[in-house]
Amino acid sequence: MTIIRVGLDTSKHVCQIHGVDENEQPVLRRQIRRSEVAKFFAKLAPTRIGIEACGAAHYWARVLRGLGHEVVLVPPQYIKPYVKRGKNDKIDAEAICEAMSRPSMRFVPSRRPSSKRR
């Protein structure tokens with residue numbers, strides 16, 4: 001079982017993870033606390049991770065890239081068509097994973113941390 005793609009839906013307290021293998025079969029569906037995200041992905045072999053673009057996504061992209069993963073940020077309006085039924089974090093993580101599999105998908109560039117301004 002090799003995980004080729006992971007969709008990560010972040011929120012205030014918990015994050016939802018959805019991963020698929022080379023046969024596009026779901027092999028990873030987990031909910032983890034925000035404080036455990038870095039520990040979880042540190043144990044996972046380097047893979048491609050998609051996150052819905054928002055303010056916190058840039059922070060998580062830097063953290064996960066530091067662990068050796070390839071991270072892409074997907075605009076929310078590109079994820080919406082892949083939501084199959086009602087909206088919740090689990091379904092959003094699956095939709096992110098599906099959206100990033102499309103060859104014509106466009107991604108948001110990740111920002112660098114801004115320096116403190118006086």
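1. Tyr 82, Val 83, Lys 84, Arg 85, Ile 91, Glu 94, Ala 95 and Glu 98 line the largest cavity, where a cavity is a set of points, on a 1 Å grid over the protein atoms alone, at which a 1.4 Å probe fits but cannot get out, and lining residues have an atom within 4 Å of a point. This is a predicted model, in which local features need pLDDT of at least 70 and side-chain atom pairs count only at pLDDT 80 or more, while totals for chains, interfaces and linings use all residues. Residues are numbered from 1 along each chain as its sequence is written, and side-chain values use heavy atoms, with hydrogens and water left out.

2. The lining of the largest cavity divides into four nonpolar, no polar and four charged residues, with Ala, Val, Leu, Ile, Met, Phe, Trp, Tyr, Cys and Pro counted as nonpolar, Asp, Glu, Lys and Arg as charged, and the others, Gly among them, as polar. The largest cavity holds about 40 Å³ of space, the volume being that filled by probe spheres set on the grid points, which are joined across faces, edges and corners.

3. Five strands (DSSP runs of E, at least two residues) form an open sheet in the order β3-β2-β1-β4-β5, with mixed pairing, two strands being paired if DSSP finds at least two bridges between them. Because β3 (26-33) and β5 (70-74) stand at the edges with a single partner strand each, one side of each is left without a neighbour in the sheet.

4. Strand β4 (residues 48-52) pairs with β5 in the parallel sense over five bridges, and Leu 73 in β5 is the bridge partner of Ile 51.

Note on methods: Helices (H or I, at least four residues) and strands (E, at least two) are DSSP runs, numbered from the N terminus. On a 1 Å grid over the protein atoms alone, a cavity is a set of points where a 1.4 Å probe fits but cannot get out, and a pocket is an open set with protein on both sides within 12 Å along at least five of seven lines; lining residues have an atom within 4 Å of a point.
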